[in-house]
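Please look over the model below before reading the notes.

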Amino acid sequence: MFKKYIFTFILVVSTFVLQGCMPVTKPFTPTKLEANKGLIYLYRPDSFISKGLTWLVDVNGKEYSDFFINNGYIPVPVKPGDVTIAIKENSLVKGTFDTLRIKNVKKGETYYVKAIAKPFSFHKLQLVDNKIGKKEINKTVYFMKPQ
């Protein structure tokens, strides 16, 4: 009987500990444009390919710590001008998978960049039309790290 209580206690404690490590999600919510900046939505539509893997995102040399996982998005405010976006390594694979350069990003403009799933856990970055991007990104969620 004592072992049953210990097992239950360990199970309950483990559940609370793991919940503290899990990301919190919220549905797509448009991000307010910052003054004198453009906005890039980097999103990853739901796909079976590399479903459970996260990627690091680098924009103009700045690494973002937000979760970039399957069916997720990251809003990235950027200064006007040329912008380089890279999907980089994770815990399983090292290196840069793909890089996209957007020339002449304008202040007050919004851009949509889609990470298209490819076999063998690689993704291809593609700048998509705003009409398509707005429609597709509404199906994604934002993954926030727990605080």
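The points below take these topics in turn.

1. This is a predicted model. Mean pLDDT for the chain is 80, and 73% of the residues reach at least 70. Helix H2 (residues 130–137) has the highest confidence, at 95, while helix H1 (residues 2–21) has the lowest, at a mean of 52.

2. Over residues 13–22 pLDDT stays under 50, and the model gives this stretch three contacts beyond four places in sequence. Where pLDDT is low, the predicted coordinates should not be read in detail.

3. The largest nonpolar core contains 22 residues; Ile40, Val59, Phe68, Ile85, Ile102, Val113 and Leu125 have the most contacts inside it. Strands S2 (38–44), S3 (55–59), S4 (62–68), S5 (72–78), S6 (81–88), S7 (96–105) and S8 (110–118) each contribute at least two of its residues. S7 gives the largest share, four residues. Another core, of nine residues, lies apart from it and includes Tyr41, Tyr73, Val128 and Tyr142.

4. Beyond four places in sequence, the residues that Val113 touches include Ile40, Ile85, Ile102 and Leu125. Tyr41 and Gln126 are also among them.

5. Outside four places in sequence, Asp82 contacts Asn60, Arg101, Ile102, Lys103 and Asn104. Asn60 is 22 residues away along the chain, with a C-alpha separation from Asp82 of 8.7 Å.

6. The Asp82 side chain has a polar contact with the Arg101 side chain, at 2.7 Å. A polar atom of the Asp82 side chain also lies 2.9 Å from the backbone nitrogen of Asn104.

How values were computed. Residues numbered from 1 in each chain as written. Heavy atoms only, no water. pLDDT = per-residue confidence, 0-100. Contact = heavy atoms within 4.5 Å. Core = buried A, V, L, I, M, F, W, Y, C linked by side-chain atoms within 4.5 Å. Buried < 20%, exposed > 50% of the residue type's maximum accessible area, 1.4 Å probe, protein only. Polar contact = N/O pair within 3.5 Å; in protein donor to acceptor, adjacent residues only side chain to side chain.
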